[in-house]
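Please consult the sequence and the structure shown here while reading.

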Amino acid sequence: MPLLHAIQAVLGHVPPSAVPAIARGLNLSRAEVHGVIAYYSHFHDHPLGRHVIQVCRAESCKACGADELVDRARRALDCDFDATRADGAVTLESVYCLGLCANSPALAIDGKLQGRVTHERLDRLLTGLDLSPAGAPWGAIRSASSCPGIRRPGRWAPTRWPLPSPTRRIVAA
């Protein structure tokens with residue numbers, strides 16, 4: 001899984017075309033690698049928007065009004081659930097527990113958790129985002145913290161190409 005995290009940290013997703021090479025490198029079947037990518041909701045096989053908004057749809061959040069937040073977010077962002085807006089500015093995802101059950105309803109914007117989200121607070125949070133179509137896609141740069149279990153010095157930036165050679169070890173935490 002550290003390899004999948006590293007690929008996603010650089011590219012923003014794990015491309016299906018990379019699965020055979022990953023499987024060969026890890027001495028696994030393509031089905032096993034694909035199964036991990038499909039099972040864990042953290043992994044994506046398609047590019048995400050520059051901003052990723054995850055709304056918790058678990059029981060506690062639903063009981064506290066998550067469905068109304070979902071409808072409000074869909075209207076405000078002009079984006080369906082589990083989809084990326086056509087201009088690539090935002091991806092709206094449903095998740096099933098962010099671990100903030102005592103602070104329901106909860107959501108995460110670009111990985112930053114938000115609890116006890118009201119309609120007004122959602123509007124303020126969305127207003128603070130740059131949702132213009134211009135700009136770099138999600139995978140352009142994310143900090144090393146978006147890749148749990150991997151230690152790397154500083155930020156991983158496109159200026160550090162080429163990618164590390166297969167002989168260099170990626171050290172797990």
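A salt bridge is a side-chain nitrogen of Lys or Arg within 4 Å of a carboxyl oxygen of Asp or Glu. The model is predicted, so that local features need pLDDT of at least 70 and side-chain atom pairs count only at pLDDT 80 or more, while totals for chains, interfaces and linings use all residues. Residues are numbered from 1 along each chain as its sequence is written, and side-chain values use heavy atoms, with hydrogens and water left out.

**Arg 74 and its partners**

Arg 74 belongs to helix α5, residues 66-77; helices are DSSP runs of H or I with at least four residues, numbered from the N terminus. Arg 74 forms a salt bridge with Asp 80, with 3.1 Å between the closest N and O atoms. Apart from neighbours within four places in sequence, Arg 74 is in contact (heavy atoms within 4.5 Å) with Cys 79, Asp 80, Phe 81 and Leu 92. Leu 92 is 18 residues from Arg 74 along the chain, and their C-alpha atoms are separated by 7.9 Å.

**Helices α5 and α6**

Two packed helices are described by the angle between their axes and the distance between the axes. The axes here are lines fitted to C-alpha atoms over the stretch in contact, and angles run from 0 to 180 degrees between N-to-C directions. Those of α5 and α6 (residues 119-127) come within 10 Å and cross at roughly 30 degrees. The two helices are therefore roughly parallel, a term for angles under 35 degrees. On the α5 side, the contact is made by Glu 68, Leu 69, Arg 72, Ala 73, Ala 76 and Leu 77, and on the α6 side by His 119, Leu 122, Asp 123 and Leu 126.

**Salt bridges**

The count comes to six salt bridges. Among them is the one between Asp 123 and Arg 72, with 2.8 Å from N to O. Because Asp 123 lies in α6 and Arg 72 in α5, this pair ties together parts that are 51 residues apart in sequence. Another, between Asp 87 and Arg 85, has its closest N and O atoms 3.0 Å apart. Arg 57, Lys 62 and Asp 67 are linked in a network of salt bridges.

The table gives relative accessible areas; buried means under 20%, exposed over 50% and partly exposed in between (1.4 Å probe, protein chains only).

| Residue | Relative accessible area | Class |
|---|---|---|
| Arg 72 | 26% | partly exposed |
| Asp 123 | 27% | partly exposed |
| Arg 74 | 35% | partly exposed |
| Asp 80 | 47% | partly exposed |
| Asp 87 | 30% | partly exposed |
| Arg 85 | 17% | buried |

How values were computed: Angles under 35 degrees count as roughly parallel, over 145 as roughly antiparallel, 65 to 115 as roughly perpendicular and the rest as oblique.
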